[in-house]
Amino acid sequence: MQVACGWTGRVVCRLEDIKKARGHQNIVNATQERFFFDHYGLTNHDLELYLAAALSAGGDYADLYFEYLTSTSLMVDESLVKSASQGISAGCGVRVVSGERTGYAYTDDLSSQRILHAARTAALIASAPAKSTVAGFQQKAARSLYPVSLPSVDADISAKVELLMRADQTARGYDPRIKEVRASYADELRNILVVGSDGTFAEDSQPLARMNVSCIAKTDASSGRESSGRGTSGGGGRVALDFFFGDKTPEFFAREASRQAILQLDAREAPAGDMEVVLGPGWPGVLLHEAVGHGLEADFNRKKTSAFAGLIGKRVASEKCTVVDNGTMPWRRGSLNVDDEGQPTQETVLIENGILKGYLSDKLSSRLMGLADTGNGRRESYEHIPMPRMTNTYMLAGQDDPGDIIRSVKNGVYAVNFGGGQVDITNGKFVFSASEAYLIEDGQITAPIKGATLIGNGPDVLTRVSMVGNDLKLDEGVGTCGKDGQAVPVGVGIPTIKIDRLTVGGTAKRESGGYMQ
Amino acid sequence: MTTTLETTEVKLALNLKELAADVVSRATHGGATAAECVVREGDEFSTTVRLGQVETLKESGSRAIGVRVFFGQRAASTYSSDFSAAGIERMLTSALELARITSEDPYAGIPEAGKLGLLSGNLNLYHEDVYSLPGPDRIDYARRAERAALEADPRIKNSEGGSFDAATGRKILANSHGFLGEYRRSYCSVAVVPIAQDANGGMQRDYWYSVARSLAKLDPAEQVGKEAARRTLRRLGARKVKTAHVPVVLDPMVARSMLEHIFEGVNGDSVYRGASFLAGKLGEKIAGTNVTVVDDGTISGGFGTTPFDGEGIPTRRTVVIENGILKSYLLNTYTAKKLGLETTANASRGLAGTPGIGPGNYFLQPGTKTPKQIIGEVRDGLYVTEFLGHGANLVTGDYSRGASGMWIINGELAYPVEEITVAGNLKDMFCNISEIGADLEFRGSVASPTIRIDGLTVGGE
């Protein structure tokens, strides 16, 4: 049961560059068109029949979401391949929308009988005469943001094992204080077909791959001072296996995870209280995801449960801030050719020069609110009702030199790596947890500090952004966002920014200010 | 709504227990030296009513099967939602194929035959009454709960809705040592998420819920709605406070997270990897002498009760911490072998992968004081009703989370606070639990009474 309204960006990662369209050669468009027609003997007539059953008790709209998901996961621990698994999950979800009501039913059996049963169950949401259904399906021009000649799920599994073994070796060789290494790899290929009573007809074949390395460092008991640290790193996207043979190799992630674990061995206590905070580029963009992204999802604004409700056209950030959500970036983890309602994704401006511009919408919200559908209707699987979700959310680069930003801070914190975050949509309070951060003293980055949670208020935190760097980066591609119990892959990005005041949740007593004891 | 929600569909008559046993036997005939098969089947119903109107209605069932095979000390697993003969065949072939690429692990394997078994008798985990309400009455349960919240106070002006959920699930486990067990569990819940607004337009939301294995034990809708309203209203007008070193009292809903941190710390998987600061501390004092933590998978009707664990071993009662001394880790077969110990029957098994470790009914032994008494003894401090984020590091013990709640002045809850952090180190925090309330209540498999922890830093202005 999901009663707490928690939104978690689970992760582990550090960024580098926005991946430009990578140099794949001889790409065959691997979109498996007609997948469900070929594999399950589905016909247009069947689809019309199912939609008619869904609208048999009335309703404004009905759609069918067919999904066939194959996945692989591998884990190397203590230099052994301890776990290998593969699986197949297939099903169809039927939705009927009547006004603000949604009826939903699904089946993991794609037989005609079971889909019709699901359609009639979902139909119970409406109570009116049957609606005449679709005249014909219109398939929109296909886009191909992630063409792969060989989806990684079908690639040779020993090559995937080899990646993990290389990561393991690199991490263990990085420093004798690295005591434990765990490397994992997961990929999937999701074939979907979405058809709607409004004529929507969309197919897509969505690859997704990622690898992660986590390390534990410990000082030897003989060294006198016992200390430990952990580090994690990883990356991926809607890519084929060759991604991990480019510049984002297992060695890259292993060194990064090791570096973080070793760094923690000497971390000092983090300060506590309000102070200047500089965020490094890339994964710290989780700030945007939590502070503004969720609050701008249209469902919360339609229901006026978001702290951002009614703020369109108002200033919610300094004029240096422009924030977008972009589902069209090639190969990115958060990208989609079409969303899970069959609508092509797009680039949507959320905040432009500090002014709130728009919301992220799905079909239901756009119809009820009279907005354009931004192609953000997403769902975890055929078992779930779609809702507005982010794709890749980031802040555009500014003019400031990152070095100048650091130098401008007398006494503050420089945070470059984060775990997850969470937000309370209604009061706007959000947190994100720094896993790698440093003190800034007199314009210089000095000692590493222990992990600390940063907390702020979404609708005004960006008004205190006084500098925006020219170094926009996106995360490495391991982000997963949870909302109402549904997990979907997302991306985030940000240039180096300076926030004039943010609360840092450390334990150290500060020299100036001090405590109320 | 004039139509009924009940469906008359008859499930495909397939004996899933026979299927599980058959998959195991086919795996061993295919060359596996050992095999284990799990089948899961479930139904769910959920509805949300918002501002009196039905918002969503969901009803469905699904099932899946998974197999784990061993070739000597190599293991692999596969799963599928396709129960056709071809689907099962493909799942088995892939598993046998996949086991070739994994490593020899001397500790891998299913439990010894002598350890397998299941608790006898009725554990009261399954009650058909969770589906006994007709569809319209289920919707009405959610509607009444929301209405009670909306009518509680004029400041409750909006809502994320009231909801009613029901579900039943069946799990079957078979292995090549001849184990074949199954159990069914049922569940129902009612929840409300009201939103209150003050004169300045500031909004707050909170929630309350009731959950039970039997509809007969579910709290009345009105009671849940009123409590949700009370919890929401008290947050209105929340302010930030100055950074301070003060006693912190955790209400049971958030105190539970401390138990989860201890769980993560004694989880055999973290222990053998040295990923927990509690590794190697068996027999040592890791908490105050007032702290006793128990895991018990055998309690009748419990949310964490099962007749056997994810590997087919009867569940049991394990004292994890007794008067502050770490008495036992929580283990499955693999981690027990790694540590040279006996399993505590805490294996949790998904469809794929190696078994993990999960709690039974896992709780902090209650004390004698009421929450009011505990708060009453604090002159200046924080009462936490919600944590935000996941800032606990079990490797180092470092702890830092966002929080909101009430400020305590002279033993009274004085005013609501928000946008603050609570930070410390878990090693110290476990030792500084200075008060434990009498108010232990299970709302899930992990439960804690109200607790007070001293020595934390509250971060604010």
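Author: Domain bounds, as used here, come from an automatic or database domain assignment. The model is predicted, with local features needing pLDDT of at least 70 and side-chain atom pairs counting only at pLDDT 80 or more, while totals for chains, interfaces and linings use all residues. Residues are numbered from 1 along each chain as its sequence is written, and chains are lettered from A and ligands numbered from 1 in the order in which they are written.

Reader: Which residues does the assignment give to domain 1 and domain 2 of chain A?

Author: In chain A, the assignment builds domain 1 from two stretches, 34-141 and 145-265. The other domain in the assignment, domain 2, covers 272-505.

Reader: How many residues of domain 1 of chain A are in contact with domain 2 of chain A?

Author: Over C-alpha atoms, the centres of domain 1 and domain 2 of chain A are separated by 23 Å. Contact between two residues is judged by their C-beta atoms, placed from the backbone, which must lie within 7 Å. On that basis domain 2 of chain A brings 26 residues to the meeting, and domain 1 of chain A brings 33 residues.

Reader: Which element gives the largest share of the side of domain 1 of chain A that touches domain 2 of chain A?

Author: Elements giving two or more residues to this side include strand S2 (61-77), strand S3 (80-98) and helix H5 (250-265) of chain A, where helices (H or I, at least four residues) and strands (E, at least two) are DSSP runs, numbered from the N terminus. By class, the side has 12 nonpolar, 12 polar and nine charged residues, with Ala, Val, Leu, Ile, Met, Phe, Trp, Tyr, Cys and Pro counted as nonpolar, Asp, Glu, Lys and Arg as charged, and the others, Gly among them, as polar. The largest share, seven residues, comes from S7(A).

Reader: What radius of gyration does chain A have, and why does it agree with a compact globule?

Author: Chain A has 10 helices and 25 strands, and its C-alpha atoms fill a box of roughly 75 × 55 × 40 Å along the principal axes. The radius of gyration is taken over C-alpha atoms, and the globule rule is 2.2 Å times the number of residues to the power 0.38. Because a compact globule with 517 residues would have a radius of gyration near 24 Å, there is agreement with the value for chain A, which is 24 Å.

Reader: What percentage of the residues of chain B count as buried?

Author: Chain B holds nine helices and 20 strands, and its C-alpha atoms fill a box of roughly 70 × 65 × 40 Å, taken along the principal axes. A residue is buried if 20 or more other C-beta atoms, placed from the backbone, lie within 10 Å of its own, exposed if 12 or fewer, and partly exposed in between. Of the 461 residues of chain B, the share that counts as buried is 57%.

Reader: Which element gives the most to the side of chain A that touches chain B?

Author: Between the chains, 76 residues of chain A are in contact with 75 residues of chain B. By class, the side belonging to chain A has 28 nonpolar, 34 polar and 14 charged residues. The element that gives the most to it, with 12 residues, is S3(A).

Reader: Which residue of S2(B) does Gly103(A) stand opposite?

Author: S4(A) and strand S2 (residues 53-71) of chain B run parallel and are joined by three bridges, where strands pair if DSSP finds at least two bridges between them. Within S2(B), the residue opposite Gly103(A) is Leu57(B).
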